[in-house]
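Colleague: I have not worked with this structure before. Could we go through it together, beginning with the metal site?

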Amino acid sequence: MVCLLAPSVEAETTSPSRRPNIVLIMADDLGWKDLRCYGTPQLDTPAIDQLASEGMRFTDAYAAAPVCSPTRAAIMTGQAPARLRLTNHAPGNKDGFSLEGSNLREPDTVRNLALSYVTIAERLSEAGYTTAHIGKWHLSYVARNNTTISELELRPERQGFDVNIGGCFRGGPPSYFAPYRIPALEGKYEGEYLPERLADEAIAFIEAHRDREFFLNWWPYSVHYPLQARDELISKYRSREGPGIKDPVYAAMIEALDTEIGRFLEALDNAGLRENTLVVFKSDNGGYNGDNRPLRGMKGMLYEGGIRVPWIARWPGHVEPGTVCSTPVISTDCYPTLLDVAGLPPTPGLQLDGQSLLPLFRQSGVFERSAVYFHYPNYAFHKRNRLGGAIRNGQYKLIKRYRDGELELYHLESDIAEKQNLAGGMPELASRLEEQLDIWLRETDAQMPIRTTVE
Ligand SMILES: [Ca+2]
């Protein structure tokens with residue numbers, strides 16, 4: 001039940017007390033280390049580095065899942081992938097199986113975001129925000145034999161966005177150079193490059209809507225496969241190949257994205273919108289193509305390399321410039337945070353898994369949370385992962401493997417590379433964390449893998 005209030009005079013004007021604009025930029029597959037401000041000096045990422053210096057940089061931020069779609073769904077709903085039962089990237093593996101030697105088959109998980117959820121875009125839209133989704137969506141996959149709903153019905157425009165440019169079932173573009181073969185993104189001219197085009201669209205949107213509060217959900221396709229960038233930039237990084245730069249094309253893609261974000265931020269300034277706009281930049285899962293060291297693992301894994309991501313927030317007057325926050329935060333926090341930023345009440349009846357980050361932004365008030373949790377009962381596309389769950393409580397992180405219940409316990413502050421498994425030496429702590437994880441898995445009604453044979 002939603003109580004509708006008569007629109008106030010204030011909401012119709014551009015008075016300084018209007019609600020803040022919100023820009024959420026989420027890169028795809030960008031690793032925790034894949035920015036200069038996160039410790040890779042071989043990369044030129046001046047725009048995002050500057051954004052960090054003007055806001056808060058989170059060192060211990062997590063994606064809700066080690067792969068795309070579940071993190072995106074968590075942002076839209078505020079719920080954990082385990083609770084949503086949307087735990088793998090769409091369409092997932094055809095056979096739901098199998099890493100050689102494993103007797104575990106994936107549970108039958110959900111592959112798109114149902115319209116029944118009240119998304120953050122719907123909440124903001126209802127409150128008067130003009131809303132736009134630009135870029136990758138990856139929440140509208142529908143199997144070919146599904147006759148009850150079509151992919152078109154699950155796109156951003158049906159989930160609270162007034163504008164949708166480029167959002168569809170696709171996890172990556174067929175090409176970053178026009179023609180892209182992505183809805184609403186016909187090539188304007190020969191040789192057009194997708195990151196530039198998406199930034200053009202984002203700039204056009206904020207310029208057209210500068211007089212009203214807006215929510216821009218800009219989810220670049222970069223830096224997901226296929227690895228493609230302009231030749232000049234690739235050449236530049238060929239000369240820097242080595243630690244930090246595993247693949248010069250990938251590095252070029254990162255800088256290209258940074259350049260476009262820089263161009264957008266400049267347009268935001270020129271439109272006079274810097275002061276009243278929250279800008280969040282993050283990634284949807286850990287890195288896949290870059291050098292994740294010292295983190296262990298990659299996208300698709302529950303090691304830090306799969307789930308720890310860059311996360312920056314700039315909001316003049318609310319976030320102290322140049323601050324660094326080491327409190328663990330997670331994608332499910334976006335939903336309550338954005339509601340809080342917009343001054344909106346919680347969604348009635350919604351069991352939230354995230355928490356508002358405003359106390360962290362403002363460095364005042366109470367932010368209490370005992371742990372963040374992960375559940376990945378699926379095989380990633382590369383199938384190099386083992387199915388499991390994880391909990392981070394303080395500096396300790398426990399990973400539980402579903403195949404045999406094997407536990408891995410790490411102390412992240414002293415062992416960010418997760419090299420030293422402490423489970424054997426600290427059995428009491430390991431079992432306490434395991435219990436806490438199990439309780440959460442039961443509470444979220446998490447789907448578990450299916451045991452196919454007795455080993
Ligand atoms: Ca991704």
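Colleague: Is the site of the calcium ion irregular or octahedral?

Modeller: The site is irregular, with angles of 49 to 150° among the six donor atoms of the calcium ion. Six donors count as octahedral if opposite donors are over 155 degrees apart and all others between 65 and 115; four count as square planar under those limits, or as tetrahedral if all angles lie between 85 and 135 degrees, and anything else is irregular. Please note that this is a predicted model, in which local features need pLDDT of at least 70 and side-chain atom pairs count only at pLDDT 80 or more, while totals for chains, interfaces and linings use all residues. Residues are numbered from 1 along each chain as its sequence is written, and side-chain values use heavy atoms, leaving out hydrogens and water.

Colleague: Which residues coordinate the calcium ion?

Modeller: The calcium ion is coordinated by D28 (OD), D29 (OD), C68 (SG), D284 (OD), D284 (OD) and N285 (OD1), at 2.2 to 2.8 Å. Donors are N, O and S atoms within 2.8 Å of the metal, or 3.2 Å for Na, K and Ca; water is not among the atoms, so sites may look incomplete.

Colleague: What spacing do the donors follow along the chain?

Modeller: Their spacing is D-D-x38-C-x215-D-N. Helices (H or I, at least four residues) and strands (E, at least two) are DSSP runs, numbered from the N terminus.

Colleague: Are D28 and C68 buried or exposed?

Modeller: Both D28 and C68 are buried. Buried means under 20% relative accessible area, exposed over 50% and partly exposed in between, with a 1.4 Å probe and protein chains only.

Colleague: And D29, where is that one found?

Modeller: D29 is found in the loop between β1 and α2, and at 1% relative accessibility D29 counts as buried. Its phi is positive, about 65°, although D29 is not a glycine.

Colleague: Which other residue has a positive phi near 65°?

Modeller: H138, likewise a residue other than glycine, has such a value. H138 has its place in the loop between β4 (130–135) and β5, and counts as buried at 4% relative accessibility. Most residues other than glycine have a negative phi, and most peptide bonds are trans.

Colleague: What else is found in the loop between β6 and α7?

Modeller: H224 is found there, and α7 covers 231–238. H224 is buried, with a relative accessible area of 15%. Leaving aside neighbours within four places in sequence, H224 is in contact (heavy atoms within 4.5 Å) with residues including D28, D29, K136 and Y176.

Colleague: Back to α3. How many of its residues are buried?

Modeller: Ten of the ten residues of α3 are buried, so this helix is largely enclosed by the rest of the structure. The buried residues of α3 pack against β1, α4 (81–84), α5 (120–126), β6 (214–219), β7 (277–283) and α10 (334–341). After α3 comes G78, with a positive phi near 80°.

Colleague: How many residues of α10 are buried?

Modeller: Seven of the eight residues of α10 are buried, so α10 is also largely enclosed by the rest of the structure. Y335 lies in helix α10 and is buried, with a relative accessible area of 1%. Not counting residues up to four places away in sequence, Y335 touches I75, M76 and T77, among others.

Colleague: One last topic: at what angle do α2 and α8 pack?

Modeller: α2 and helix α8 (residues 248–270) pack at about 55°, with their axes 7 Å apart. Axes are lines fitted to C-alpha atoms, for helices over the stretch in contact, and angles run from 0 to 180 degrees between N-to-C directions. P46, A47, I48 and L51 in α2 meet D258, I261, G262 and L265 in α8.
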